Every structure is written in C-alpha cells, then in structure tokens.
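Please examine the structure shown below before reading on.

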Amino acid sequence: MSRFIVFLLPLAVIAGFWLLSRQESKLAHDPTHKSFFQRNGAVLGIVFIALVTFWMLFLVVMPYLYMVQESFHPRLPPMKRGGPEDFLTIQQYKSFFVEPSSGNWNTLHLRAFFFSILTSVFVTAVNFAICYPLAYYMAQAGTIQKVRLLMLCLIVPYWVNEILRAFSLRLLLASKGLINQTLMGIGIIDTPIDFLGTNMGLYVGLSYAYLLIMVFPLYNAIESLDKNQIEAARDLGAPWWKIHRDVVIPYAKPGIASGCTMVFMLSAGSLAAPQFLGGPSTLWFTSIVYDFFFQAFNWPRGAAYAFILLTACIIFVLAILKLFKVSLGETIR
Amino acid sequence: MSSRLVMRGMIAFYIFLFFAYLFGPLVVMSITAFNTPSYPQAYPFEAFTLNWFVRLWNHRSMMDGIKNSVIIGLGVVAISVPVGLAAAIMMGQIYHRARSMFYLVTVSPVLTPGVIIGISTVIFWKDVMGVTDFTKAYFYKGIILAVFGQASFVAAYCLLIIMARLQRFDRSQEEAALDLGASFPQVFWHILVPFLKPALISASVIAFLSSFENYNTTTFAILADKTLVTVLAGEVRQGTTPALSALAVVIIGLSLVGAIFYEVAKRREEAAAERIQERARLAERGEITGAKTGLA
C-alpha cells in the first residue's frame with residue numbers, strides 16, 4: 001500500500017508545478033513571452049523535460065521516498081513482503097533508542113551517533129583553522145603565478161582516491177610506520193604509540209581527506225573582496241586580527257558556510273576513513289549502517305538509521321546557515 | 001621592517017607545513033612502492049625494485065575492477081552531462097517562483113551523504129526491477145545501479161558547471177538566428193552547444209573522474225560486482241601491500257601529467273585570447289585615427 005503512495009506522490013508534485021506555472025503565466029501577462037515549447041521547439045523541449053524528469057523522479061526523489069518507506073517496515077524475508085505481517089511500524093526507529101532484545105537503552109548506537117556528529121564538528125573546525133590562512137594568502141597576498149602553482153599543487157593530491165589516501169596515512173601512523181620509527185630512532189619513545197587505536201588516525205584521516213573541500217569555497221569567497229577595504233582598515237590602524245574579524249570574515253561568510261557544511265556532511269557520511277583508520281573499538285555511524293546492509297541483512301533498520309543520519313545532517317546544515325545568516329542558494333554556488 | 005620579515009617567514013613556514021601535510025603521506029607511500037620489503041616501508045630503503053608494478057599489473061580482480069570503473073564512468077558521463085545540460089537550460093527558462101524550489105531539489109543530491117544515495121538507489125531499483133523476471137535477470141545489476149546512483153549527484157555537478165557558463169550566454173544571438181530563419185534544433189546545435197562546449201568538456205571530465213573515484217555510493221550500489229575502488233577497499237581491509245602504493249604512484253603520475261597538460265592548454269588559450277584583444281585594440285585605434293583624419 002505505502003509503495004503505491006510513493007509512486008503517486010511525485011505525480012501530485014508535478015501537477016502542482018504545472019498549476020503554478022499556469023497561474024504565473026496568467027498573472028504576468030507579457031505578449032513577448034514565449035512558452036517553453038515555443039522557445040525550444042517541440043522535439044528538444046520534450047527531450048529536455050524527459051531527461052530532467054527521469055533524473056528527478058527515478059534517480060533522486062523516488063529512491064529517497066522509497067528508502068523512507070522501507071524504514072517503516074518490519075524486517076521480513078522476501079516471500080512475506082506484501083503479506084499480513086507487512087505492516088507499517090516505527091520499530092526500526094525505536095530500536096535506535098532502545099535495544100529490542102533486552103529493552104535497555106541502545107547506548108552502543110547512540111554513543112556511535114554522537115561520536116560521529118561531534119567528531120565531524122571537531123574536524124570541520126580544525127580544517128577551517130588550517131585552511132583559512134592559506135585561502136586568505138592565495139586570495140589576497142599572492143601573485144598570480146604563485147596562486148596558479150599553489151592551485152595546481154592542491155588539485156593533484158585531490159585526484160588520488162579516498163582509499164589510497166587513507167592507506168598512505170596508515171603507512172605513516174601504523175605502529176611499524178614511519179612516524180613511530182622516527183620517534184623511536186631519535187629515542188623520544190621506547191614503545192610505539194598506538195595512533196590508530198586511540199583514534200588519532202581517524203581524526204587525521206578525516207581532516208586530511210576533506211582539506212581541499214574547505215580551501216576552495218574559502219578562496220572563492222575571499223578572492224572577490226576588494227583589497228582597498230583591507231588597505232583602508234589597515235590605514236585606520238586596525239590590528240591584523242581585527243581586520244579579519246570585522247572585514248574579511250563577515251565578507252566571506254557564504255564561503256565559510258559552504259566549506260563548513262560540505263566538510264561536515266562529507267565527514268559525517270564518510271565510510272573509508274573510519275573503516276581503515278579507526279581503532280578496533282571505534283564505531284562510526286555509517287559503519288553501523290553498512291553492517292546492517294552487508295552483515296545483518298536488515299535493510300529496514302539500515303534504512304531507518306540512514307534516515308536518522310540524513311535528518312541530523314539537514315538539521316545541522318540549517319543551523320549553520322542560520323548561524324551565518326546565509327541562504328542555501330548562496331552556499332552551493 | 002624586521003617585523004615584516006618575521007611575518008613573511010612565518011607565512012612561508014605555514015605554507016611549507018600545509019603542503020608537507022598534504023604531500024607527506026603521498027610521498028612516503030610512493031617511496032614504499034619502489035622498496036623491496038613486502039610490508040610497505042619507506043625507511044630503511046633496502047633496494048630499488050619495480051616488482052610491485054608487475055604484481056599490480058598481474059592483479060586480476062584489480063584489472064577487472066578498472067574495466068568496470070571505466071564502463072560505469074562512461075555511463076555516468078552519458079547520463080549526467082545531457083541531464084545537466086537540459087536542467088541548466090530549463091533553470092534559465094522556468095518561472096521565477098518555481099526556480100528556487102527547482103534549484104533546491106536539483107542540488108539536494110550534492111548535499112546528501114553518498115552512503116544514503118547508495119542505499120536508496122539499491123532499495124528503489126530492487127523493487128522496480130523485481131517486477132518482472134526479465135528485468136530482474138538483465139537489469140538488476142551492480143554496474144547499472146552504480147551508474148544510476150552516481151549519476152544522481154554527478155548530474156548536479158554538471159548542472160552547476162554548465163549553468164555558470166550559460167549565464168554569460170547572450171540571448172540576442174539566439175533571437176538573431178531565429179529571425180534569420182534558423183529552426184530550433186539548428187539554433188541549439190549550431191549556437192548554444194558550441195558556446196557551451198568548454199563547459200560540456202569540463203563537465204564530462206569532472207563527471208568521469210568523480211565516478212571513477214567514488215566509494216561511498218558505489219560500495220552499496222555495486223552489489224556483487226566490483227570497481228577499482230571497491231577492490232582497493234577490500235585489499236586495504238585485508239592488509240597492506242606495496243602493490244597498492246604502486247597503484248597510487250600510477251594515479252599520481254597520471255594526474256600530474258593531466259594537470260600539466262591542462263595548464264599548458266590554458267596558458268596557450270590565454271595567450272591566444274590576449275593576441276585577439278591586442279589586435280582588436282589596434283584596429284579600434286586605427287579606426288579612430290582614420291576617422292579623425294577623414295574629418296580634418
């Protein structure tokens with residue numbers, strides 16, 4: 001039943017859009033205005049609409065709705081789907097808070113959830129601190145040739161994929177890795193430090209993976225700031241930290257919000273760094289979702305957890321946008 | 001003056017640290033690819049070897065993975081570039097009130113964690129393809145689902161790239177062609193597409209590369225098949241071998257070559273543009289002086 005609703009809902013949305021456009025064209029009566037088909041020709045117009053509709057409906061909206069729908073079902077073998085036991089339930093969401101087998105608080109998953117969110121916030125803040133000076137230097141102080149070279153140096157490591165980057169960090173941070181070798185060789189420590197077990201590896205890995213996601217929006221935002229404004233502030237005697245606090249950062253707000261949201265989203269949803277760099281006892285939230293799909297084969301519960309993650313991310317992003325007082329449209333540009 | 005010098009030194013030191021952080025792990029990994037021990041180590045460097053590259057070349061599942069990755073990448077380009085183009089054109093023509101809503105829906109996949117895109121793709125297509133035995137046997141495949149899952153957000157990247165260029169398009173060109181009797185398809189193929197060509201090329205490249213190196217969405221959508229990245233993930237989970245470092249060296253080498261090519265091409269393009277501008281300036285000056293002499 002609920003599956004049919006999923007198929008009907010998009011049709012309702014399309015009808016809504018169509019009515020809206022009808023009404024709008026009536027309100028704004030403009031004799032020079034041409035309709036969509038008049039402007040593009042019938043064939044191309046139909047192709048455009050078909051392509052975009054396919055994308056929106058079958059690749060974006062319906063899969064999302066379907067996932068949400070799946071999360072409200074009990075876990076059933078394929079034979080029993082659609083049978084009398086296939087009813088709508090919130091048991092998958094309840095199981096996030098209360099362990100179904102014992103009835104106790106599900107501290108394991110709750111802790112993993114908050115650990116993932118807080119770590120992502122922390123990584124976002126660290127990356128902002130690391131990247132802001134470079135972005136500022138590239139945007140305001142560097143010469144064109146220098147900026148070009150720096151840009152190139154930033155882009156090349158970005159094309160090495162996530163897995164190999166995690167692997168390279170593991171080579172450095174492992175107990176037999178280069179850093180421990182060096183420290184022991186100098187004689188600072190006697191036994192190797194367990195970077196991976198203490199989650200150091202995880203933090204470094206996440207920060208390392210999304211460094212550039214932070215640099216580019218910051219650079220783009222600061223680059224368009226008029227140099228004269230900084231000059232003026234300096235001439236009026238503002239110390240450097242005041243220039244940043246009162247001139248540069250307020251101006252670069254959309255870029256900061258954009259970089260922070262992207263880094264947060266990517267790190268909260270990351271799979272590679274926690275899998276390869278996390279300690280043996282570290283539980284990352286996406287890893288739990290992964291296990292529900294590939295080890296427990298409990299798709300409804302996995303879908304419910306994925307939806308919880310998505311909701312948390314959306315709330316966080318809206319909070320950041322509110323905090324920086326920018327609109328979503330400005331962020332993605 | 002000396003405080004300025006100190007400041008400069010500090011900035012240089014900071015930039016050095018930043019790039020050491022960025023490149024350090026990659027450099028260390030690259031060294032291990034040429035060292036003999038089977039546990040990847042950079043120090044002590046025992047002996048130079050290319051053995052790990054040979055091992056990589058003979059790695060069967062990795063080579064199969066590359067093949068699948070290329071197929072998926074091409075599929076993603078084939079879907080997402082036309083979709084991105086169509087969406088960009090519609091974005092420019094849609095009514096004002098609907099535009100922000102349309103924009104929000106189309107870019108939402110960029111902001112959704114890849115894991116969630118992968119999960120929702122699998123759940124949805126499993127049910128849709130399961131309707132008939134035929135579709136289940138021939139279309140419920142990891143490669144197809146991976147293309148669908150990746151195309152959902154890659155199309156949004158393409159949309160953003162193409163839209164940026166489309167905003168600089170002069171509509172009067174289109175009007176002129178129509179007034180001169182061109183048909184709509186002619187205007188599209190002979191005016192709009194050539195204008196958008198640079199954006200279409202860069203959208204294709206970005207689409208292919210982001211498909212090729214995607215992990216989060218693919219690992220769910222790929223089902224029983226394998227791509228290069230999922231094979232890699234399996235290898236890293238099992239243990240460490242310098243063959244992985246060798247692969248990284250190959251990838252770094254390729255992207256370096258690509259970056260240099262890109263830079264050279266861009267320099268050349270800029271030089272050509274400058275020449276044209278210079279010529280235009282000269283022509284303008286010539287015209288002005290010519291007009292003056294004519295008046296006198």
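A residue counts as buried if 20 or more other C-beta atoms lie within 10 Å of its own, as exposed if 12 or fewer do, and as partly exposed in between. By this criterion, 35% of the 296 residues of chain B are buried. The model is a predicted one, and every value given here is computed from it.

Chain B contains 12 helices and 0 strands. Its overall dimensions can be described in two ways. The C-alpha atoms of chain B fill a box of roughly 85 × 75 × 40 Å along the principal axes. The radius of gyration of chain B is 26 Å, whereas a compact globule of 296 residues would have a value near 19 Å. Among the contacts in chain B between residues at least 6 apart in sequence, 76% join residues at least 24 apart.

In soluble globular proteins, nonpolar side chains tend to be buried together. The largest nonpolar core in this model has 148 residues, and those that touch the most other members are A:Ala135, A:Leu218, A:Ala306, B:Ile119 and B:Ile162. Helix α7 of chain B, residues 142-166, supplies the largest share of this core, with 14 residues.

Two packed helices are described by the angle between their axes and the distance between the axes. For helix α3 (residues 42-71) and helix α16 (residues 299-324) of chain A, the axes come within 7 Å and cross at roughly 120°. This angle makes α3(A) oblique to α16(A). The crossing of α3(A) past α16(A) is left-handed.

Another helix of chain A illustrates burial. Helix α9 of chain A, residues 200-209, is largely enclosed by the rest of the structure, because 8 of its 10 residues are buried. These buried residues are A:Gly201, A:Leu202, A:Val204, A:Gly205, A:Leu206, A:Ser207, A:Tyr208 and A:Ala209. They pack against α5 (107-141), α7 (162-173), α10 (211-223), α13 (253-268) and α14 (272-277) of chain A.

The loop between α8 (178-186) and α9 of chain A holds A:Asn199. Most residues other than glycine have a negative phi. Phi of A:Asn199, however, is positive, near 70°. A:Asn199 counts as partly exposed because it has 19 C-beta neighbours inside 10 Å. In chain B, B:Leu223 has a positive phi near 55° and lies in the loop between α10 (216-221) and α11 (228-238). With 16 C-beta neighbours inside 10 Å, B:Leu223 is partly exposed.

From C-alpha to C-alpha, A:Gln229 and A:Val215 are 22 Å apart in space, with a separation of 14 residues in sequence.

Terms used:
Residues are numbered from 1 along each chain as its sequence is written. Chains are lettered from A and ligands numbered from 1 in the order in which they are written. This is a predicted model: local features need pLDDT of at least 70, side-chain atom pairs count only at pLDDT 80 or more; totals for chains, interfaces and linings use all residues. A nonpolar core is a set of buried Ala, Val, Leu, Ile, Met, Phe, Trp, Tyr and Cys residues joined through C-beta atoms within 7 Å. Helices (H or I, at least four residues) and strands (E, at least two) are DSSP runs, numbered from the N terminus. The radius of gyration is taken over C-alpha atoms; the globule rule is 2.2 Å times the number of residues to the power 0.38. Two residues are in contact if their C-beta atoms, placed from the backbone, lie within 7 Å. Axes are lines fitted to C-alpha atoms, for helices over the stretch in contact, and angles run from 0 to 180 degrees between N-to-C directions. Angles under 35 degrees count as roughly parallel, over 145 as roughly antiparallel, 65 to 115 as roughly perpendicular and the rest as oblique. A crossing is left-handed if the near helix is turned anticlockwise from the far one by less than a right angle, and right-handed if clockwise.
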